[in-house]
Amino acid sequence: MENLQELLHGFTIAVTVPHLVLMVIGVLLGILVGVLPGLGAPNGVSLLLPLTFGMQPVSAIILLSSMYWGALFGGSVTSILFNIPGEPSSVATTFDGYPMARDGRPTTALATAFGSAAFGALVGVILITFLASWVAQVALAFGPPEYFAVYFLAFASFVGMGGAAPIKTVVALAIGFAIAAIGIDTVSGSVRLTMGIDELVKGVNFVVAVMGLFGIGELLVAVEEEFHARGVSSRIDWKEVFRAVVRLPRHGIALLRSAAIGCWMGITPGGPTAASFMSYGIARRFSRRGRHFGTGEVEGIISPETADHAAGTSALLPMLSLGIPGSATAAVMMGGLMIWGLNPGPMLFVDQKDFVWGLIASMYVGNIVAVALVLLTVPVFAALMRIPFVIIAPLIVIICVVGAYSVSNSYLDVVMMLGFGVVGYLFKKLFYPLAPLVLAIVIGDKAEDAFRQSMLMSKGSLGVFFANPLVTSLVLAGLALLLLPLALQIAHVRRKPGERKSIAPGPEDRRSRPTATSAAQTPR
Amino acid sequence: MDVTSRFLLPAAAILLAGTIPAGAAWQPQKPIEFVATAGPGGGTDNLARAVQNIITKYKLTDQPIVVVNKGGGSGAEGYVYGKASAGDPHKVIFGTSNAWQQPLVSKVAFNYTDLTPIAGMAQDEFLLWVKQDAPYKTVNDYLKAAAANEFKMGGAQSKDTDEVLTRMIEKVGHIKLTYIPFKSGAEAAVQLAGGHIDSHVNNPSESLGQWRGGTQRPLCVFSPKRLPQGPKVTATEGWSDVPTCVEQGLDIPQYEQPRTVWLPGKVTPEQAAFYVELMKKVQATPEWKDYIEKTSQVDTFLTGAEFDSYIKQDLEHIKQVAAEQGWLVK
């Protein structure tokens, strides 16, 4: 095992006192920027970047990547405690993490999230260690049609598997696509949907949208429903942290499935956001307690968190070996690589063995350091939940306003954030799902670009989506997910003598049927 | 002379100096914001951060400098921000030729005339790249193959520098190309490595790692003479081994992208002069040379009338291509 030898060599570089100190500093700074409003991993890493110019490249990347791990963990804290996701990839964690925390179990929610995140990251690093060269090849096989197919799969998994009525999911997706289209269009270069507001040329930032949709939207619902609400009484209990972590292996199947989804999306490179959403959607379908998802289910936290970190970690591989940054943070780190005089690309693994394997080894150690540090802080964060609602509510508003403003120092963003808050509230009241909306805002324009690039390549023929086994299987899987609820319903109706028996499952039918069922469904 | 006047005179002098800047003696009064019209990690962002580091290292100004990224809308976000900050000499906008090209082809709410030009630094070169294992070894082979079978050309953004160059190649080489826009040159490079497109026209730094890694190679450089000799990129070749396109029979003698520096509009000449001097000082440092070499750019410094005429010339040329393609916005 040549790779194993390289890894051991890497450990001799990563596990030295100065590097361990750098990891602890990086992780702590990362948790800080993850928890503080409006900072986030990309900003944190850019702020730290100038300090690394005098360092050895391997020390520099250890510091920056440790900060990234810390920020990812820190971002989950605000998702769970306040329903404010700091990164697109931690949105799915709010679905069950926040209800569980509101339910008086913030310690369990946080510990579960951190434990499964660490598991996901570990699987991701192991994958990188053993399959580095193979994984790089897989990513190369992805052209525009394959990208589109992956995004299509993510969207389809929501229509077919989301808990809400499929038609409402489609409506939410459509609104998300419209929002994603605002700004300059990559393919035509023209300005779209700016409605005469010059500043909208930059598009709608994700942070602005989610802070409003989740943070403010949830607050409005809470104000209406439980204005009298007191803080959640949660005991500061180390045993609960321990218990939550020990209980994780019971959900072994969910952990493994989510890690597999995460790694697949990380290397293909669909990215951590699509991974966490897809993992959540699939868990909802296949978990025995799937119908309870959204009310604070353990597997509803495990699935997105594991997939998110598995994808986030394995996504560093395409960055190093191909020079494709999988996330904004990875893009900043790549800028750092160039400044340190390294060129991301296939030769990095040959020319800069010490750097690459030192980094991979540090990913093992760094994640262990990070999870140890965050688990230690769980009771402190959980104690935040004991603060009464009347105090926490204005704080959430401040966090959201400051966060939205600091994205690009723009007042318009604050106004939009508040507007999204109203949209979030309306969605909740009318039982429209928020997840597909956010998913479409985040990857809608990428999916559109990929589709139109494919159409340019094939001169308008849809055959390009069935041109090779890879893209064909992705598209077929997507179609299957999309049509699954319909097929199940048809089977169900056929068994009973029903009025719809004779109708063939055409596309028109697909659109109209779910409406009929949604009316029959009692909103949860 | 009594005490009061002895005190008042210098005070008045200081006040006057503050209101009426004397010559190039203007100095920034508050922290300076460097606005990169690109996302973190992009070429323009790297330039802004490199300049920031050099200024901080040599203490070329007393005020601290922060870099902010406003790369939305292919950089339009940063330029619009510059336009909105008219009269504020503490914001410096870092961009490319996009500043005057973008308003021609899309309805963005700025024009380069809304900004005060400071300098054009560091020209980025363009090369024609093909996949490593492609059968063609020369530009001529490439053109022949492209004539027989419409090629897919990838590039960053639409109706931008890459597509303009693609259309020029079509015209000069008498071929037809399908242009496929991606978000960045780095993305196009990966697509070429995977064989999803046939060629692209990336800057040297965008494909350096890929060339070294043996996934793609340059056929020619769109420059009047060969690039300066640097360290070897692959085992046998370096940038100076790449022939010019004219040498290879593709008659496009020069196509470059300057990295540009601007102040918002309505600043005083003294304020502009301060930044011109500042950038000149930056360019004289060894760190700058190092940056230029690592990013394989060409060191130039255009300012004043020279910069203006460069813009006018480039603008005429782009207008012509854009008009032929029907891109001009009304």
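## A pair of residues to start with

In chain B, Phe34(B) sits opposite Val67(B), a residue of β2(B). The strand β1 of chain B covers residues 32-36, and β1(B) pairs with β2(B) in the parallel sense over five bridges. Strands pair here if DSSP finds at least two bridges between them. Helices (H or I, at least four residues) and strands (E, at least two) are DSSP runs, numbered from the N terminus.

This is a predicted model, so to speak of local features takes pLDDT of at least 70 and side-chain atom pairs count only at pLDDT 80 or more, while totals for chains, interfaces and linings use all residues. Residues are numbered from 1 along each chain as its sequence is written, and chains are lettered from A and ligands numbered from 1 in the order in which they are written.

## The sheet in chain B

Zoom out and you'll find an open sheet of six strands with mixed pairing, in the order β2-β1-β3-β10-β4-β11.

Helix α9 of chain B (residues 269-283) lies across β3, β4, β10 and β11 of that chain, at about 20° to β4(B). Axes are lines fitted to C-alpha atoms, for helices over the stretch in contact, and angles run from 0 to 180 degrees between N-to-C directions.

## Where the chains meet

In all, 42 residues of chain A are in contact with 43 residues of chain B; contact means C-beta atoms, placed from the backbone, within 7 Å. On the side of chain A that touches chain B, the largest share, six residues, comes from α15(A).

Definitions and conventions: Contact = placed C-beta atoms within 7 Å.
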